[in-house]
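Look at the sequence and the model below. The report then goes through charge, contacts and backbone, one topic at a time.

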Amino acid sequence: MAIAKPAARPANPRFSSGPCAKIPTFDVQNLADAPLGRSHRAAVGKARLKAAIDGTREVLGIPDDYLIGIVPASDTGAVEMAMWSLLGARPATMVAWESFGAGWVTDVVKQLKIEAEVKTAEYGQIVDMAALDYDTDVVFTWNGTTSGVRVPNGDAIPADRAGLTICDATSAAFAQDLPWDKLDVTTFSWQKVLGGEAAHGMLILSPRAVERLETYTPAWPLPKIFRLTKGGKLIEGIFRGETINTPSMLAVEDYLVALDWARSVGGLTGLIARADANAQAVWAFCDANDWIANLAEDPVTRSNTSVCLKFTDARITDGATFAKAVAKRLEAEGVALDIGAYRDAPAGLRIWCGGTVETADIEAMLPWLDWAFHAEIEALAQAA
């Protein structure tokens with residue numbers, strides 16, 4: 001029989017994996033100092049953009065000799081800029097275990113037509129990072145946003161590698177401890193772990209990546225929006241806040257406010273602890289219910305941000321339809337929004353657990369998930 005609806009509701013039912021929940025203290029009035037109607041090239045605009053770069057370095061603990069730039073088109077733009085500008089000097093190794101990583105494979109193999117070895121794993125699994133050839137340029141996703149699987153650490157990446165490591169870290173930055181000495185190019189977007197607004201990407205370059213930029217010219221033409229060098233020299237202004245295209249100063253202000261909030265909860269350590277607590281609540285729920293499980297097969301590699309779940313009850317014959325029905329029930333009740341699995345991923349649910357989500361909201365939502373599951377099982381029985 002279906003169970004009764006829970007009494008408590010989440011204060012914030014937003015568990016989308018992107019754009020993600022705003023910071024708990026968000027108020028549009030906090031953006032009142034945004035220099036709207038001013039040029040991003042004016043002193044006030046440049047100062048805000050430079051503050052966003054400096055705050056990123058501070059909170060994430062990025063080394064002083066690494067460069068940080070604000071670039072167009074979100075994380076996608078940052079990854080594409082890196083691949084188009086840096087790849088081709090040596091063979092590449094393309095690593096994918098979910099849809100976004102698969103997209104980077106397509107770009108390199110079919111668009112750039114670079115000699116590349118492709119290493120893949122099924123959803124819920126991960127490629128053996130220790131088995132890769134790091135004398136090639138390795139492109140990989142740190143945290144699989146659509147699979148809920150992450151690289152546990154950077155131990156497999158050698159310090160004396162000859163190639164570059166290009167890491168899409170958009171669902172990892174601000175929630176996981178990234179080993180900067182093992183990453184030559186790192187990208188992320190504001191709308192993930194800090195709940196910022198979309199369309200802006202971050203590009204972080206190691207000295208080795210800068211050296212490649214200044215000593216290698218790709219065989220293909222580069223659109224203006226991808227160009228990081230001029231006359232064989234790095235365009236340094238990009239890494240001081242002189243953006244290639246026009247940024248949204250409102251979105252910049254929102255990111256600055258989110259960085260201030262991150263500092264208030266203990267910086268990176270506090271953000272990781274918040275994400276871990278959120279994910280642990282979901283993992284414990286899975287352990288307590290035999291009809292649902294983490295898509296990640298190995299607990300060591302399961303994500304603490306994009307937690308992907310699968311239904312395991314034998315009575316479910318059409319997993320996709322069932323999962324959509326559960327997500328629809330939860331949305332109709334206003335207790336969980338946007339938690340359906342990504343369209344290319346296995347049928348199931350995806351619950352964002354990054355630091356902007358309150359653990360109390362996760363804990364209030366999970367009994368509703370229990371209710372929705374049993375309601376749909378009841379519906380299946382009645383339809384049989």
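## A positive patch

Arg41, Lys46, Lys224 and Arg227 gather on the surface in a patch of positive charge. In such a patch, residues have over 30% relative accessible area and no salt bridge, and like charges are joined within 9 Å. Lys and Arg count as positive, Asp and Glu as negative, while His and the chain ends are not counted. Each charge is placed at NZ of Lys, CZ of Arg, CG of Asp or CD of Glu.

This is a predicted model: local features need pLDDT of at least 70, side-chain atom pairs count only at pLDDT 80 or more, and totals for chains, interfaces and linings use all residues. Residues are numbered from 1 along each chain as its sequence is written, and side-chain values use heavy atoms, with hydrogens and water left out.

## One patch member up close

Where is lysine 224 found? Lysine 224 lies in the loop between helix H4 (207-215) and strand E10 (229-230). Helices (H or I, at least four residues) and strands (E, at least two) are DSSP runs, numbered from the N terminus.

Is lysine 224 buried or exposed? Lysine 224 counts as exposed because its relative accessibility is 61%. Buried means under 20% relative accessible area, exposed means over 50%, and partly exposed is in between (1.4 Å probe, protein chains only). The areas come from the Shrake-Rupley method.

## Salt bridges

How many salt bridges does a search of the whole structure find? The search finds 17. A salt bridge is a side-chain nitrogen of Lys or Arg within 4 Å of a carboxyl oxygen of Asp or Glu. Side chains of opposite charge can pair when their charged atoms come close.

Glutamate 197 forms a salt bridge with lysine 22, and the closest N and O atoms are 2.7 Å apart. This pair links distant parts of the chain, 175 residues apart: glutamate 197 is in the loop between strand E8 (185-189) and strand E9 (200-205), and lysine 22 is in the segment before H1. Glutamate 197 is partly exposed, at 39% relative accessible area.

Glutamate 58 and arginine 263 also meet in a salt bridge, at 3.0 Å from N to O. Here too the pair links distant parts of the chain, with glutamate 58 in helix H1 and arginine 263 in helix H5 (residues 249-264), 205 residues apart. Arginine 263 counts as partly exposed, with 32% relative accessibility.

Lysine 119 and glutamate 117 meet in another salt bridge (3.3 Å, N to O). Lysine 119 is partly exposed at 27%, and glutamate 117 is partly exposed at 42%. Lys5, Arg9 and Glu333 are linked in a network of salt bridges.

## A buried threonine

Threonine 136 sits in the loop between strand E3 (116-120) and strand E4 (137-141). Threonine 136 counts as buried because its relative accessibility is 9%. Its side chain is joined to that of threonine 93 by a polar contact of 2.7 Å. A polar contact is a pair of N or O atoms within 3.5 Å; within protein, one must be able to donate a hydrogen and the other to accept it, and residues adjacent in sequence count only if both atoms are side-chain atoms.

## Backbone details

The peptide bond from glycine 18 to proline 19 is cis, with omega near -10 degrees. Proline 19 is in the segment before helix H1 (43-60).

Serine 74 is not a glycine, yet has a positive phi of about 60 degrees. Serine 74 is in helix H2 (residues 74-86) and counts as buried, at 12% relative accessibility. Lysine 113, also a residue other than glycine, has a positive phi near 55 degrees. Lysine 113 lies in the loop between helix H3 (99-112) and E3 and counts as exposed, at 64% relative accessibility.

Conventions. Patch = residues over 30% accessible without salt bridge, like charges linked within 9 Å, V, L, I, M, F, W, Y side chains within 5 Å. Areas by Shrake-Rupley, 256 points an atom, 1.4 Å probe, with all protein chains shown as cover.
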